[in-house]
Amino acid sequence: MQKAAILEKCGFFIKIGRYKMEKTGAEIILQTLKEEGTEVIFGYPGANTLPIHDRLMESPIKHYLMRHEQAAAHAADGYARATGKVGVCLSTSGPGATNMVTGIATAYMDSTPLIALTGQVTTNLLGSDAFQETDIIGITMPITKHSFLLNDVEEVESTLKEAFELARSGRPGPVLVDMPRDVLTASCKLDSKSNNGQRSKKQHTSPKEKLEQIKQIATYLNRAERPIIIIGGGVKLGKACTQLSELIKKGRIPFVTTMMGIGSIDSSNGFNLGFIGTHGNELANSTIHHSDFILAVGTRFSDRSTSNIEEFAPLATIAQIDIDPTSIGKNIKVDLQLISDIREAITEMIPLVEKKERPEWFQRINKERELSEKRGSREGCGPAGKLISMIQDVMPEKTTAVADVGLNQIWTVRSWQPKTPRGLITCGGMGTMGFSVPAAIGAKIGVQNQEVVAFSGDGGFYMNIQELATISYYNLPVKIVVFNNGNLGMIRQLQDLFYGARFNACELGNKVDMVMVAKGFGIDAGRVSVNDPESGIEKMRKTDGPYLLEVMVDPDTYVFPLIPPGLSNIEMIYRRSD
């Protein structure tokens, strides 16, 4: 058999010359990505994606070669969170696809619009346990809005358009498209069977019902003596920050945020009481507990926000607005509900909300604020929190911070004051260690005119340390701050407080020289003590390219206050002896 015939039979041959008026599946994918506004792809090639990687050489879309597929998904996630666009990641079949699963699940839990493209064996080999075949559709169905398998080249364009429509519409999220190699190499006319990916939109609430529900919520809000708004990540996703800020100012309504809602509204407007939950602010948690009406916007009331559900907000009537009907009443029983685009709902509600001063409510809040400060509630992030504030002080105002998971995450989200809704990026629902460095890569590529600082602990840093090679190769000026306490700090704190200080499997040790490691990857680096960081911060600030700052932290440096497991939002502890 001739070499060309063998390649064609194996699905490797791209039939450009034979079908001058037609396009291959790979070409259709790249053209559709371009039409959907894709400018970058974060990926890692394999034999089954080579038809796409080959055509990428003629495409205006830039491909960033990551060093691990999980990091490719996190980078696309960070790109999406920083820009508001749909992130795109690409891997081969089998282990390449499964490596992306953690990144896809992370995007799913935090409602990040993401397209995950995975290579697959040829259609005639599906189900045969062929080399690098994995049922990635079955694996990812629970962690995507939908997973598509391309069976026919004529379905490629319409399927990809539908994937984008799904990823960015309603409650955003990841969509996976699995691409058998022979579909990528097969050809067809571009416009065949195309329906432009349009889906019929299910109407959950009629306009009349919606208006009545908005009026009802506004009435409760106007009557309330101790109202409060909970802002979730859906406010940013729904691009409703400006409208909600207007409603807050008009009604003089204090607000708290979930971790994903941080930065939605300007923190300096005086109404922000902080973020709620296990590691939230004392003032935010106590105000929720004493409120008589809660308007929850774009949040699903995760267990990390509510702590003990049975004792959450015992005095309050609760109203919830969300575009996703499955989020309504999912974790907390609500009294009033509205399934709606958040920006539309708040816009219609603004004229219905009365101007009020609420002096008694704010006097009570201010008194509680003074008490919490006397209890040292704001000192709970210790020297690490002060260092983070010092870094923000020397960086440009619109710098984007990307936090990992663990103690460093709580230190960062409580100390960094984002100046824009997308000024603080972190992983909420999934709690994925190793997120910050690759997500910072995506964020930096998405907002190239802004500085990006990634914060991590030593544990999370080790999990995607290979991405230093990506940063170095592309000379991305990402600043990386690694808090090194030689331990899994959050685990150590939990074992200390709730397991009788019986420390096990939490010590990482300090035998790794992170400065030398960074320099080995071609990245300048330095080391400081968390108590004496000025020189290191200055060196990092003055370095034009990437820089890693290792910050040595005492392993007994924890974060307070916190809510012990099973207790209510007002049963916080403030120090180790409590």
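Visitor: What makes the crossing of α2 and α8 right-handed or left-handed?

Guide: α2 passes α8 in a right-handed crossing. A crossing is right-handed if the near helix is turned clockwise from the far one by less than a right angle, and left-handed if anticlockwise. The two helices, α2 (residues 25-35) and α8 (residues 156-168), pack at an angle of about 35 degrees with their axes 9 Å apart. The contact (heavy atoms within 4.5 Å) involves residues including Ile28 and Leu33 of α2 and Leu160 and Phe164 of α8.

Visitor: Where do these numbers come from?

Guide: This is a predicted model, where local features need pLDDT of at least 70 and side-chain atom pairs count only at pLDDT 80 or more, while totals for chains, interfaces and linings use all residues. Residues are numbered from 1 along each chain as its sequence is written, and side-chain values use heavy atoms, with hydrogens and water left out.

Visitor: What makes glutamate 58 and arginine 55 a salt bridge?

Guide: A salt bridge needs a side-chain nitrogen of Lys or Arg within 4 Å of a carboxyl oxygen of Asp or Glu. Here the N to O distance is 3.7 Å, and the pair qualifies. Shared partners join Glu27, Asp54, Arg55 and Glu58 into one network. By this rule the count comes to 19 salt bridges.

Visitor: How do you know that glutamate 357 and arginine 252 pair up too?

Guide: Their side chains meet at 3.4 Å, N to O, and that is a salt bridge. The two residues are 105 apart in the chain. At 54%, glutamate 357 counts as exposed, whereas arginine 252, at 25%, counts as partly exposed.

Visitor: Why does aspartate 458 have no salt bridge?

Guide: The rule asks for a nitrogen within 4 Å of a carboxyl oxygen, but the nearest side chain of opposite charge, arginine 492, is 10 Å away. Aspartate 458 is buried, though, and its side chain reaches the backbone nitrogen of asparagine 487 at 3.4 Å. Among the residues that aspartate 458 touches are Phe483, Leu508 and Met514.

Methods:
Buried means under 20% relative accessible area, exposed over 50%, partly exposed in between (1.4 Å probe, protein chains only). Lys and Arg count as positive and Asp and Glu as negative; His and the chain ends are not counted. A polar contact is a pair of N or O atoms within 3.5 Å; within protein, one must be able to donate a hydrogen and the other to accept it, and residues adjacent in sequence count only if both atoms are side-chain atoms. Axes are lines fitted to C-alpha atoms, for helices over the stretch in contact, and angles run from 0 to 180 degrees between N-to-C directions. Helices (H or I, at least four residues) and strands (E, at least two) are DSSP runs, numbered from the N terminus. Lists of a residue's contacts leave out its neighbours within four places in sequence.
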